[in-house]
Amino acid sequence: MKSLFLQDILERIDGTVVQGSGNPLIQDVTYRPKKIGDQTLLFYRYKDMKIDKNLFQKYKSVVIVTDLEEKFKNLGKDVLLIKVSNVEEAYWKFVNFYRNLFQIHVIGITGTCGKTTTKQMVKHILRKHYRVHSTFLSNNQRALNLKYLLGIDDETGAAVFEMPVASPGYLTNTIQYFQPQIRILLNIDVYHLKDCKTPEAYMKAKAEIINGLDPKTGIILLNADDENIKKVLDIKGFHNVIYFGFSEGCHFQAKDIRYADGGMQFTLIHQDQTFPVFVTGYGKPNVYNALASIAAASFAGMDIQECCERLASFEQMNEHLEFLDGTGGCTIIDDTWNAAPLSMASALEVLQETSRSKTKIALLGYMPQLGDSQYATEQYAKMGEKAVETQIDHLFVVGEEALEIGKKALELGMDPNKVYFCNSGTEIYQILKPYLHQDATVLLKIPHRVMVQDSFKDLKRKIIACEK
């Protein structure tokens, strides 16, 4: 955080000192009492939050902002109490004030799949010229937004934030913190039905990506080939709508897409110029990630050619369609970072396209954020259809939640002797063991929260020749 004197903050939040004195240099801001330390400013936003007086007395120069001053009597001489008429309004005034201290390029990325990879790509490209601040891996929950915002300081040259949708309003809340002028919408499929309830509500929540964007100066980067984006996003009145994709007319278009050693090669067409591009990691969705990252970095001031060259040195993320040497000479595709219908369908396509004549084996697990509604059942059934469509030779369905995948595959005529319903890594290994040879490729598409269980960690150790 950029250190700020309390008096400078008070002027922005319309606060009045009602207890204590001084003008301490504020080193941190929080709304969680357990996170306070020396020279911390606490916004008391939640009325039912318990007050531990000993905690406040433990640290020096603690400042409390509240509209309930009667709750904070006799906290000690080192505690300053600031009264505001509405603490929630004061909090957002501070957020807006802090964000606008920095005139840097801020990029916000959302989409059902590919957010983390694209964010890492953009970060990697921009690091050639900037000190880049970003969300960490896939840790993008709303509770971390203030922490990430305060991570911007005078040394930051650019910032890249992953912006998820867990429920309606979630994305808008994140935008309030980061106020990205460059925004990317990678794709919209079906996910997060536990809180969004219906696919339509989820898609509408993704459309919040344009909320608060200046129609004249803001830049929105959209996947031109995604039909759901076209259904829910109204971009009339926005001056800087930039399309990336495979179709004609895109501002950033990929042509001649092909699999190469370790990744994807394609030709980028931009403003009647062509650029050769290589990006590590297999699959056409990764080409979309690359297009979006190049486009975003270019709007942050980098030359297109330089973006393409820089992208070639990007290191693929672990457990994101990661190809590994398996036991007995087989190939393991580790795609266990997360599981959503779109990413599962893409992983099955990569398995088909890279295996050629090899035996194709897919281990498919449940998708945590789908919930258990009729819409979730439909999505699992679609994955069963996809398994048949991509000509999977052996299908392992992992966990009771995912049963519909196997049921649908059987309904569509898949050999019952090649569909296995399993609940533990031990059970899977006993069935899988005879197929671990050089003429087989195994896709692991089981969510991370399952893979950390002991039997599944043991399964991974047994089937990967030299696990990292």
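Biologist: In this predicted model, which residue forms a salt bridge with Glu88?

Modeller: A salt bridge is a side-chain nitrogen of Lys or Arg within 4 Å of a carboxyl oxygen of Asp or Glu. Glu88 lies in helix α3 (residues 87-99), and its partner sits 43 residues apart, in the loop between β5 (40-43) and α2 (53-57); helices (H or I, at least four residues) and strands (E, at least two) are DSSP runs, numbered from the N terminus. With the closest N and O atoms 2.7 Å apart, the partner is Arg45.

Biologist: What conventions apply to the model?

Modeller: The model is predicted, local features need pLDDT of at least 70, side-chain atom pairs count only at pLDDT 80 or more, and totals for chains, interfaces and linings use all residues. Residues are numbered from 1 along each chain as its sequence is written, and side-chain values use heavy atoms, with hydrogens and water left out.

Biologist: Is Lys386 buried or exposed?

Modeller: Lys386 forms a salt bridge with Glu349, the closest N and O atoms being 2.7 Å apart. This pair links helix α13 (residues 374-389), which holds Lys386, to helix α12, which holds Glu349. Buried means under 20% relative accessible area, exposed over 50%, and partly exposed in between (1.4 Å probe, protein chains only). Because its relative accessibility is 12%, Lys386 counts as buried.
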